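Please open the structure in a viewer and keep the sequence panel beside it.

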Amino acid sequence: MAERSSSDSSLALSESDPTSPCTDASVSPTAGLEQEWLPNYNTYDGKNFPPLVRPENLDSLKRCKTRSDDVFVCTYSKSGTTWMQHIVRLLKNNGQTESDQAIVNVIPFLEEYHVDNIDLWTSPRTMKCHLPHHMVPQPSSMDETASSPKYIYAMRDPRDVAVSLFYHTRAFEKYEFTGDWNDFFHIFLNGKAEYGSWFEHVCGWWQRRHYRNVLVVSYEEMQQDLRQVVCKVASFLNLANVTDSVIDQVVAKSSFSAMRVDKTANYSWDDQYRRPGHVPFFRKGQVGDWTNHFTAEQAREFDAVYRRFAERVGDFPECYCSGAGVATS
Ligand code: A3P
């Protein structure tokens, strides 16, 4: 096992603080959504989490010590996590997947594990997580290229996230959710969906996007120019020896159509847990599917919440309200 660095693991608890700029003030336990209407979430520290994410594991992550060569792929659920994981995995392996290894084995889902387990993983570790910024293991001093772990944050139009998460939540038996889109719209907008408020989540990383060990990219950028994003990720990970031909392979193998039939990346192993007739993991993979689901009133309501939050925090992505997506650099 590789040697561990001595990086400090104290957590930046800023977003737990009600006075933090990123705290979504509209989210409160009294927001009017009764717990029994919600999917079967686990609750920890006032936020909802998927049924497979256990509070004791979340609690144990407070003791998680980062290593200088750790890479974290961080996202809010349904924002293109698997897409980014696949790109990172291919880049780190010369454009190839490692035999038949499913992506969840190559880049494990951090918060499904207890820290005692995570501590045993061999370096260099690459991990995926959906945790809000303040819960992600990080060293006390983040902005250091040489000795800090790296964090890639992928974000997506929240309206497309909400739609994708609605189908995901309906699909899996474990969520026990039978509500309709209208129900889920309010759950999401009120910060009651898994991992809490999308606004708070994005804000925590967006405001640190200039750190040398943080890379923020958007799903919309990936759709617009995948090659450019793949090159950006390679350079961020200091993969100096990646050739043009490897980049070409990574781009080709990361397309929606290629990943959909790649058994190491397409989550077909989860199909056994999906309710019959529900959508597969590779559902649509599009920008703007929200327009097929939001009513005009919901679009207005969402815009208003978005603008209010953005105005209050100041430093927040250019509004997704226009539907144009954002550039992160
Ligand atoms: P949809 O449900 O809108 O189709 P995550 O990995 O964070 O759970 O995100 C899943 C979403 O990303 C799904 O969105 C899925 O189709 C989309 N996705 C995954 N790989 C993709 C790719 N290569 N290109 C475009 N979209 C992709």
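A residue counts as buried if 20 or more other C-beta atoms lie within 10 Å of its own. The model on the screen is a predicted one.

**The whole chain**

Of its 329 residues, 41% are buried. Consider next the contacts between residues at least 6 apart in sequence: 74% of them join residues at least 24 apart.

**Helix H7**

Select residues 198–206, which form helix H7. How many of its residues are buried? The count is nine of nine, and H7 is thus described as mostly covered. The buried residues include three tryptophans, Trp-198, Trp-205 and Trp-206. Glu-200 and His-201 are also buried in H7.

Now display what surrounds this helix. The elements that cover its buried residues include strands S3, S5 and S6, together with helices H5 and H12 (296–313). H7 lies across S3 (71–75), S5 and S6, and its direction makes about 130° with that of S6.

**The four-stranded sheet**

Select the strands of the open sheet, whose order is S4-S3-S5-S6, with parallel pairing. Its edge strands are S4 (126–129) and S6 (214–218), each of which pairs on one side only. On average, neighbouring strands of this sheet are turned by 20° against each other, direction ignored.

S3 and S4 run parallel and are joined by four bridges.

Show the side chains of S4. In a regular strand, side chains alternate between the two faces of the sheet. Which residues of S4 point one way, and which the other? Thr-126 and Lys-128 point one way, whereas Met-127 and Cys-129 point the other way; all four are buried.

S5 (residues 150–155) pairs with S6 in the parallel sense over five bridges. Here Met-155 stands opposite Ser-218 in S6. Helix H9 packs on the sheet and touches S5 and S6, with its direction at about 170° to that of S6.

**Helix H9 and Ala-234**

Select residues 226–236, which make up H9, and highlight Ala-234 within it. Is Ala-234 buried or exposed? Ala-234 is buried, because 20 other C-beta atoms lie within 10 Å. Apart from neighbours within four places in sequence, Ala-234 is in contact with Leu-91, Leu-239, Val-242 and Ile-247. Draw a distance line from Ala-234 to Ile-247: these residues are 13 apart in sequence, and their C-alpha atoms are 8.7 Å apart in space.

**The nonpolar core**

Next, look at the largest nonpolar core, which has 73 residues. The members that touch the most other members are Cys-74, Ile-87, Ile-152, Tyr-153 and Val-233. Select Ile-87 from this group. Leaving aside neighbours within four places in sequence, Ile-87 is in contact with Val-230, Val-233, Val-250 and Ser-254.

**Around the ligand**

Centre the view on the ligand, which is surrounded by 20 residues. The closest are Thr-81, Thr-82, Ser-164, Arg-283 and Gly-285. Three helices each supply at least two residues of this shell: H2 (81–92), H5 (158–171) and H11 (256–260). By residue class, the shell divides into five nonpolar, ten polar and five charged residues.

The last stops concern the backbone. Most residues other than glycine have a negative phi, and most peptide bonds are trans.

First, select Pro-124, in the loop between helix H4 (115–118) and S4. The peptide bond from Ser-123 to Pro-124 is cis, with omega near -5°.

Second, select Glu-176, in the loop between H5 and helix H6 (181–189). This residue, which is not a glycine, has a positive phi, near 50°. Glu-176 counts as exposed because it has 12 C-beta neighbours inside 10 Å.

Third, select Tyr-267, in the loop between H11 and H12. Its phi is also positive, near 60°, and Tyr-267 is not a glycine either. Why is Tyr-267 described as partly exposed? There are 17 other C-beta atoms within 10 Å of Tyr-267, and a residue is partly exposed when its count falls between the limits of 12 or fewer for exposed and 20 or more for buried.

How values were computed
Residues numbered from 1 in each chain as written. Predicted model: local features only at pLDDT ≥ 70, side-chain atom pairs only at ≥ 80, totals over all residues. Near = placed C-beta within 6 Å. Nonpolar A, V, L, I, M, F, W, Y, C, P; charged D, E, K, R; others polar. Core = buried A, V, L, I, M, F, W, Y, C linked by C-beta atoms within 7 Å. Contact = placed C-beta atoms within 7 Å. Pairing = 2+ DSSP bridges. Axes fitted to C-alpha atoms, helices over the stretch in contact; angles between N-to-C directions.
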